[in-house]
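Hi,

Here is the structure I promised to pass on. Have a look at it first, and then read my notes below.

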Amino acid sequence: MIPVRIPSFGRRIGARMLLCGTMLQVCPASIAAARRAPPHASTRHAISSARNIHQARPEAMTVTGTRRFNFAHAQREADSTTHISAETLRDRHVVAVTDLQNLAPNLTVQSLKGTQSINYHLRGVGLDDYYENNVSSVMVYVDDVAYPFSSMTDGMMFDIADVGIAPGPTGFTHGMPDSGGEVSLHSADPTSTWHGGASEDIASYARSITNGYISGPIARNLTFRLAGQTIQGGGWQYDPSNGAHLGDQDQSALLGKLRWTPDSRTSIQIGGHWTRDNSELVNGKPVINLDPSWQHYPNLSGYRQTAWDMRPDFAKLVGRPDTLKPSEHNIFWGADVRIGHDFGFAKLDTISAFETERQGEYSDEDGTALATGDVYRNVDANAFSQEVKLTSADGHPLHWVIGAYYARSRMAQQFFSNFTDYKGRGYISQSSYDQNQQAFSQYANLEYRLTHTITLIGGLNHMSDDRQLLNYRTIQYGHSNLAFVPEGALTNQIGGLLGIQDQFTEHFQGYFKVSKGFKPGGFAANNTVAQAQLNAFKPESLVAYELGFKSDPLPGKLRLNGAAFYYDYHNQQVVSSFLLTDYGPLGTYVNVPRSNIWGIEFSADARPLAHVYLNGNMGYERGTYTTFDALNTPATNAYHAATGVYRAFYTDYSGTDLGIPKLTMTGSAAYRTDLTADLTGELGVNGNYRDSQAMMIGGTGAYRLPSYFLMGAYATVASKAHGWSATVYATNLLDRHYSVTSSSESTTYQHVPGAPRFIGGRLSYGF
């Protein structure tokens, strides 16, 4: 369990507040330890961003005397990582990984068509993966284990101790190399003394979130932690034709850890997790009718209105009831074994992990009651990984890390599409395939303290990734039976890192880094009717330049950090379209020969007054295709809508903006004070702004998501002595209507709306 001492509970606290999702508990031990700590303790002047994410944990904020900021140690590191504490996750009501984009600059986390498949973009680098059979450009880690399939994070955003979001090429000190960065979730660890807690959160649309955990010693040198969460209800969409509701959550999850420390130098931990998710999806709302010949195209005027339908013959084929709503039917589970031993000169760490998923997912991808794009998907996938790493001891001018990472995954996927109401097709199709993948990477990282303040940084990594797409078949019932030859993709790439850091003063440091990152190639394995659709796309690579600073000009009162970056992008992997003139545009991936991205980021924490706490960050980025020619999907669709004929229109997009959100901003303000000798109170407001985003290459109009601004607020009363707290809160306080992603299928192009205003209350108790 990671202690997070929370300043909202006053200057005189004889207890430690432990925050687990929405649960608080008190324990006296660590306030004294915090008082004993030197005010600016730091063991090293420079630690790379990746090492920080995977080895460091947030430093506690003292609540007596001068109040200090979280993550003090991170101020000594040459990176632009955004660190998010458990306290912030609670106050900003983060319950899913998609909520993280509201807390970090230049971060986009979007659901694929409202499903549990998630796409990550960081500083404009990311891949919109149709069916998660490719490596993400932004790797997700849970407790240092890489998750190659993004849906595996389903149900994992509880009992979280902290989150780290690191942009730029990674894989120099741990895990798998990647081009865009990483998102690292760290769950709370077992505690050496007994602690427990529970909370209940009830909000609008009959949504309920229940959390509970227990942690403590079982025997001498043996501790454990077990946490659970269930989320129910909350569906806010409805069908105006019959009043049926859509979007209710039905998710339960467990997380456990067992840690044994046979001696002071050795630690062995076994962890495991399990998630069951039968939640309904959020449906998209049609914004463009791609086939105006429809006489009964739906008129969904309200923000919360939607439509769907499961046809009996389609339901029978996929083996589900014809009353099925768009929903998930998923089981995820995994286990890992971690062994660490300190040899004195260096520490050895090994992590062995196995993750598995079983998905059954029905999505109404035309957002109507018509059978023009209903999709049911079955996924059976697993991944095994093994990492071995040796890290030198601190206290020497030269610090080094060497290691190796192996990953192996297997996926069998089957998806059905219902086109019976689409005059251009009029059938149900089934596509299925198997995908095998394995990767082996090696890395080394050196940091040399040249002088008392200057540190030189260097890193090198290599990865070989081999994947095969096998047994691909497409059956168009009543029309054809298509079989395709296997395809393969092999990647062998080398990445590198060079940097310099100067700790100019005790409270100001600057750094400059140049790094080369890469990402393997892969396949577009969506609805396939031609062999050319399965051709492998090439690996991408980028050279990243970053100049940054970190400062505490008024220690305990003001913190300012910033960075500027430029990315030289080669063979960028993007979603484009492949046109079959007798069928229509089909999604595929292409490589952009050359593009570039540049931007700036700033973050600030301030304590201007005794009880006032301010936090905010801002990101601004621009990107341009330098050399690129591709199918103009909007123009192709528009011509078909006008003539009923598909004709390919190609456009030279050289000099065209990448369409990434240019400006992202987020901030919060809180007032915290003692109400009585026992009770404390806190009032807080927060907001985030997100600029418009093109969802297709060169997209304008409806092919671009509009910008939006959201606000939230909360009020908390808590007892110092008795371990309880009560909170009322509101998300999307202004009830803004906005869209979080988009999709297209056959006859429609649609926007997936974000959640309306939720008003709720939360009761927590801990010991």
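A strand here is a DSSP run of E with at least two residues, and strands are numbered from the N terminus. By that rule, Y566 belongs to strand β30, which covers residues 558-580. Keep in mind as you read on that this is a predicted model.

Y566 is a handy place to start. The residue is partly exposed, at 36% relative accessible area, and it belongs to a nonpolar surface patch together with L398, L446, Y448, L450, L456, I500, F512, Y545, L547 and W598. Together the patch residues have about 1,000 Å² of accessible area. Two elements, β24 (428-449) and β29 (540-554), each give two or more residues to the patch.

Now the sheets. Between β4 and β5 (residues 118-122) I count 5 bridges, and S111 has I118 of β5 as its bridge partner.

Further along, β12 (residues 207-219) and β13 (residues 222-233) pair antiparallel over 11 bridges, with S208 partnered by Q232 in β13. Their hairpin has 2 residues between the strands, and N221 takes a positive phi near 70° there. β13 also runs antiparallel to β16 (residues 249-263), joined by 12 bridges; T223 stands opposite R259 of β16. R259 turns up again in a network of salt bridges with D143, D189 and K257.

That brings me to the charges. The whole structure has 29 salt bridges. One of them joins E506 to R76, with the closest N and O atoms 2.6 Å apart. E506 is in the loop between β27 (487-505) and β28 (508-519), while R76 is in the loop between α2 (49-55) and β3 (82-85), so this pair ties together parts that are 430 residues apart in sequence. E506 is partly exposed at 39%.

D309 and R311 also meet in a salt bridge, at 2.7 Å from N to O. Both ends count as partly exposed, D309 at 27% and R311 at 21%. Then there is D657 with R622, where the closest N and O atoms are 3.3 Å apart. D657 sits in the loop between β34 (650-652) and β35 (663-674) and R622 in strand β32 (residues 612-627), so the bridge ties together parts 35 residues apart in sequence. These two are partly exposed as well, with 22% for D657 and 29% for R622.

Last, the rings. A search of the whole structure gives 19 aromatic pairs. Among them is F504 with F508, a tilted pair with 5.7 Å between centres and 40° between planes; F508 is partly exposed at 32%. Y433, Y472 and F484 are linked by ring pairs into a cluster. Two arginines also lie over rings: the charged end of R425 is 4.6 Å from the ring centre of F419, and R647 is over the face of Y639 at 5.7 Å from the ring centre.

Cheers

Key
Residues are numbered from 1 along each chain as its sequence is written. This is a predicted model: local features need pLDDT of at least 70, side-chain atom pairs count only at pLDDT 80 or more; totals for chains, interfaces and linings use all residues. Side-chain values use heavy atoms; hydrogens and water are left out. Two strands pair if DSSP finds at least two bridges between them. Helices (H or I, at least four residues) and strands (E, at least two) are DSSP runs, numbered from the N terminus. Patches are made of residues with over 30% relative accessible area and no salt bridge: like charges are joined within 9 Å, nonpolar side chains (Val, Leu, Ile, Met, Phe, Trp, Tyr) within 5 Å. Accessible areas come from the Shrake-Rupley method with a 1.4 Å probe; for residues, only the protein chains shown count as cover. A salt bridge is a side-chain nitrogen of Lys or Arg within 4 Å of a carboxyl oxygen of Asp or Glu. Buried means under 20% relative accessible area, exposed over 50%, partly exposed in between (1.4 Å probe, protein chains only). Rings of Phe, Tyr and Trp (its six-membered ring) pair if their centres lie within 6.5 Å; planes under 30 degrees apart count as stacked, over 60 as edge-to-face and the rest as tilted. A charge sits over a ring if NZ of Lys or CZ of Arg is within 6 Å of the ring centre and within 35 degrees of the ring normal.
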